[in-house]
Each structure stands twice: as structure tokens, then as C-alpha cells.
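Trainee: I would like to learn how to read a helix and a sheet in a structure. Where do we start?

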Amino acid sequence: MRRLMLVSLVLTSGLCSGEEPIRVNVKLVNVAFSARDSRGALVNSLTKDDVEVFEDAVPQKISFFAHSVDVPLTLGLIVDFSGSQDQFAKQHQRDLEVFLKDVLGPKDRVFLICFGNHVRLVSDFSQSAPEVMDRLKLYQHDNRHFPDLGPKEDRELGTAFYDSIYYSVTEKLALESGRRALLVFSDGEDNSSSHDMMAAIEAAQAANVLVYTIRYTEKEHGHLTARNQYGIRVMDRIAKETGSQAIDAEAIDPKTYFQQIAEELRTSYELAYYPTSPLPDDTFRKIVIRPKQPGLTVRSKTGYFSR
């Protein structure tokens, strides 16, 4: 299914001879979603008739509905190498090895981004876990020889968190098709991006990219600082708005949460509709997918900006 379709509607009612028809471009809105029951198990048996979709509280007619199982994944891994993540460098490497070993399938493709005050493309799309890890080790030894993702920026400080997400979507995943997601290993803190949180969220929502946030927080004397708490809220917000989940790496074993992510990505649903209010007006359109069966919980992006 294409991420975006434009359909030209020709309005001819009431036209006099010789008058030009009015043409309106209507966007087909695509939404990926997952469903779980009251026990937290994924639900794989939903059909088009089992859910309703609303845009700004107005019911929408579902034009396309699909449920795919074991689909190939196109993924981006974003690893924070700023100063606040120094103590987690070895843990990042171990967790990436777990992910690539346990989750990456033979048909999956993955790229690797590392960032501090530069956003570097460390490994372009690859199906080889050893290749990705070898590139990471080269980056850890000397990061100056890896290309910037996005335009070169003059950043005085050391953490371009939002830019790493924004450019991973716009420069890499937005150009791809199929099931796409980002996994971000960070604490959610930023001090040098040219884009803000909402720009990163909007880019992911527009491209239908899920952003899973995996949090590693450096506490002071065992306590969360105000900056830590801000980073937690940022990572929670990005995950929620894009339809994925935020994970505390300290609280959950990586094998467990990577397996949850993989199952969710490979067995999720997609639907699409033509909005009843088709004209772009630069407003945020809130999307709600409501299952008809009681006890089910649906997770999807919260909406999109009608540009």
C-alpha cells in the first residue's frame, strides 16, 4: 500500500457549458495499528468490520484494510553518543547485538545512525548484522569519517536528538515502502537540534513511521533530575504520538522488549480512508481507531497535520 495517494475529484454538478470543472486533491490517509486483548496478547483476527475509525470525532469510511503476518521490516537504529550516554556505551552495543541477533530476519533491512552534535550515517541499509556491528565499532574508534545525515549544521552543544529522528525519517524511511520503524536508544535530552519535538513527530506521522524509544537515563545519586524527567516525557510523547511504545531499558530485559517490538511490527494492521473533510488547512487531524469488541486496546498514531 502506498503511503500517500492523491485522488483528483472532478466536481461537475451545476456547471454550465464551457465552465471549467473544479478539481480537488484528496489524500488517502494510511494508518498502521496493533491490537491487544485484556491480557496484553496481540489480537490477529480483526477484520474491516471489527473496527471503526474517526477523524476529529467524525466517522470515516474505511477504504482499505489489511493484516499482514511476518512481513519484512525496514528499520532505522538511532544511538545516542552524547556525553550523557557515555556510561551506557557498552550497554548500547550489547543491546544492539541482541536486537540484530534475535530480531533481524533474512528479508529485513536496517540502517544505523549515531549522534552527538553531528548526526552520522554509520551503516546504510543492510541485511547483515555483523556488517552493522563492524561499522559501529569503527565509529566508536573514529567518528569523523562518517557522512552527516541531513545538511551540515553548526552545533555548539552536543546532543542533536530531534534532528536524528527528523532526518532518519525524511532522508531515509520516507523514501521506503512497507513496514517501517525507528528504534531510538537515548535519554531524550536535546540541546543542539535545528528541529523541535513536534517537527520530529510530524515527520514520523506524515510518513507513517513508528518511533520506539528505549530510554537509558543517567541519574544523579540514584535520583531523577528535572532534566531526566523532561527527557522521559519527551520519549513517552514521541512514542505515543507515532503509535509505538516507550521502554525503560533499566526495567525490562532487552530480549523481552525487542521480541515485543518485533511481534508487533510483523503482525500489525493497516487501514486507509479518504477524509470527509478533504481540503488541507494546516490543522492537526486527530485519529481514533475504536474496536467494536470490548476489552481490546488499539495503538496507532494519534493523527496527522493536513498540509
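Mentor: With a cut-off: a residue is called buried when its relative accessible area is under 20%. Keep in mind that this is a predicted model.

Trainee: How many residues of helix H4 are buried?

Mentor: Eight of the eleven residues in H4 (residues 197-207) are buried, so by that cut-off the helix is mostly covered. The buried residues are Met-197, Ala-199, Ala-200, Ile-201, Ala-203, Ala-204, Gln-205 and Ala-207.

Trainee: What covers the buried residues of H4?

Mentor: The cover includes two helices, H3 (161-171) and H5 (226-242). Strands S9 (179-186), S10 (210-215), S13 and S15 also belong to it.

Trainee: What is found at the start of H4, and what just after H4?

Mentor: At the start, a side-chain oxygen of Asp-196 comes to within 3.3 Å of the backbone nitrogen of Met-198. Just after the helix, Asn-208 has a positive phi of about 60°.

Trainee: Now the sheet. In what order do the four strands lie?

Mentor: In general, strands of a sheet pair through backbone hydrogen bonds, either parallel or antiparallel. Here the order is S4-S3-S13-S15, in an open sheet with antiparallel pairing. Strands S4 (58-60) and S15 (303-305) are at the edges with a single partner strand each, so one side of each has no neighbour in the sheet. From one strand to the next, the twist averages 30°.

Trainee: How many bridges join S13 to S15?

Mentor: Three bridges join S13 (residues 284-291) to S15, and the two run antiparallel. Phe-284, for instance, has Phe-305 in S15 as its bridge partner.

Notes:
Residues are numbered from 1 along each chain as its sequence is written. This is a predicted model: local features need pLDDT of at least 70, side-chain atom pairs count only at pLDDT 80 or more; totals for chains, interfaces and linings use all residues. Side-chain values use heavy atoms; hydrogens and water are left out. Two strands pair if DSSP finds at least two bridges between them. Axes are lines fitted to C-alpha atoms, for helices over the stretch in contact, and angles run from 0 to 180 degrees between N-to-C directions. Buried means under 20% relative accessible area, exposed over 50%, partly exposed in between (1.4 Å probe, protein chains only). Contact means heavy atoms within 4.5 Å. A polar contact is a pair of N or O atoms within 3.5 Å; within protein, one must be able to donate a hydrogen and the other to accept it, and residues adjacent in sequence count only if both atoms are side-chain atoms.
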